[in-house]
Amino acid sequence: MVAPSSSSSSSSRRSDNGYGPSGPQQAGSRRRKGPGALATAYLVIYNVVMTAGWLVIAVGLVRAYLAKGSYHNLYYSIEKPLKFFQTGALLEIGHCAIGIVPSSVVLTAFQVMSRVFLTWAVTHSVKEVQSEDSVLLFVVAWTITEIIRYSFYTFSLLNHLPYLIKWARYTLFIILYPMGVSGELLTIYAALPFVRRSGLYSISLPNKYNFSFDYYTFLILTMISYIPIFPQLYFHMLHQRRKILSSTGEHKKSE
């Protein structure tokens, strides 16, 4: 959830949980040195591919809806590309680690892994939740968000960012963030009884490692963690929106 400036160096940061602008990404004003020509070319290709991938998911959702005449069970129509391109976001951690994107490796890893976790450890692993409407809720939020996000990065790297994409990047999160978080929480909640019944990913004592793990409790704690994180991040993004869009308006007037 990044908001790069006109500088390409900020073009791949994410510190807003994927739904909108973020603080560290606003560091374009600090005029950090951008990636080299080769790294920039790679990042452009990566972001174009990811934009195209999420567009494929969007088209798949629309086609499935038109074919079925219902929004129920649309997950199955886009399951494979969703897993592929959401998992592909793991490369963003590597981008930070090798320095071609000036963002925190830890923060980026946390944000990317949270979505990968929901994709694989919840939705994929607990088959019973795949037909839940809550899955469609976060999938639609992710899809719109990522199309805008990767388009934003691509045009920023090319130093030709249309105002419409910038506006969408700093505005649509107002709806998409609560929508996505609601879908994620409802999906985890729906998975709880199945996880408890099956003992999925849980480790019981006694065992030779003298270690136990209750995946059911872990999911509950994951849900609780949303309580302090969501409000802080949401209001931070609102602040960044006012800051970025107001500065854009002032720049236009000065021209």
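Biologist: Which residue lies over the face of Tyr-150?

Modeller: The model is predicted: local features need pLDDT of at least 70, side-chain atom pairs count only at pLDDT 80 or more, and totals for chains, interfaces and linings use all residues. Residues are numbered from 1 along each chain as its sequence is written, and side-chain values use heavy atoms, with hydrogens and water left out. A charge sits over a ring if NZ of Lys or CZ of Arg is within 6 Å of the ring centre and within 35 degrees of the ring normal. At 4.3 Å from the ring centre of Tyr-150, the residue is Arg-149.

Biologist: Which residue lies over the face of Phe-152?

Modeller: Phe-152 belongs to one aromatic cluster with Tyr-42, Tyr-46, Tyr-150, Tyr-153 and Tyr-170. Over its face, at 5.6 Å from the ring centre, lies Arg-169.

Biologist: Are the planes of Phe-152 and Tyr-170 stacked or edge-to-face?

Modeller: Rings of Phe, Tyr and Trp (its six-membered ring) pair if their centres lie within 6.5 Å; planes under 30 degrees apart count as stacked, over 60 as edge-to-face and the rest as tilted. By this rule the chain has 19 aromatic pairs. The centres of Phe-152 and Tyr-170 are 6.1 Å apart and their planes are at 65 degrees, so this pair is edge-to-face.

Biologist: Where do Phe-152 and Tyr-170 lie in the chain?

Modeller: The two residues are 18 apart, and their pair links distant parts of the chain. Helices (H or I, at least four residues) and strands (E, at least two) are DSSP runs, numbered from the N terminus. Phe-152 is in helix H5 (residues 133-157), and Tyr-170 is in the loop between helix H6 (163-169) and helix H7 (173-198).

Biologist: Is Tyr-177 buried or exposed?

Modeller: Tyr-177 forms an edge-to-face pair with Phe-230, at 5.0 Å centre to centre and 65 degrees between the planes. Tyr-177 lies in helix H7 and Phe-230 in helix H8 (residues 215-254), so the pair ties together parts 53 residues apart in sequence. Buried means under 20% relative accessible area, exposed over 50%, and partly exposed in between (1.4 Å probe, protein chains only). Phe-230, at 23%, is partly exposed, whereas Tyr-177, at 1%, is buried.

Biologist: How many helices are in the chain?

Modeller: The pattern along the sequence is α-α-α-α-α-α-α-α. There are zero strands, and the number of helices is eight.

Biologist: What percentage of the residues is buried?

Modeller: The chain has 255 residues. Buried residues make up 49%.
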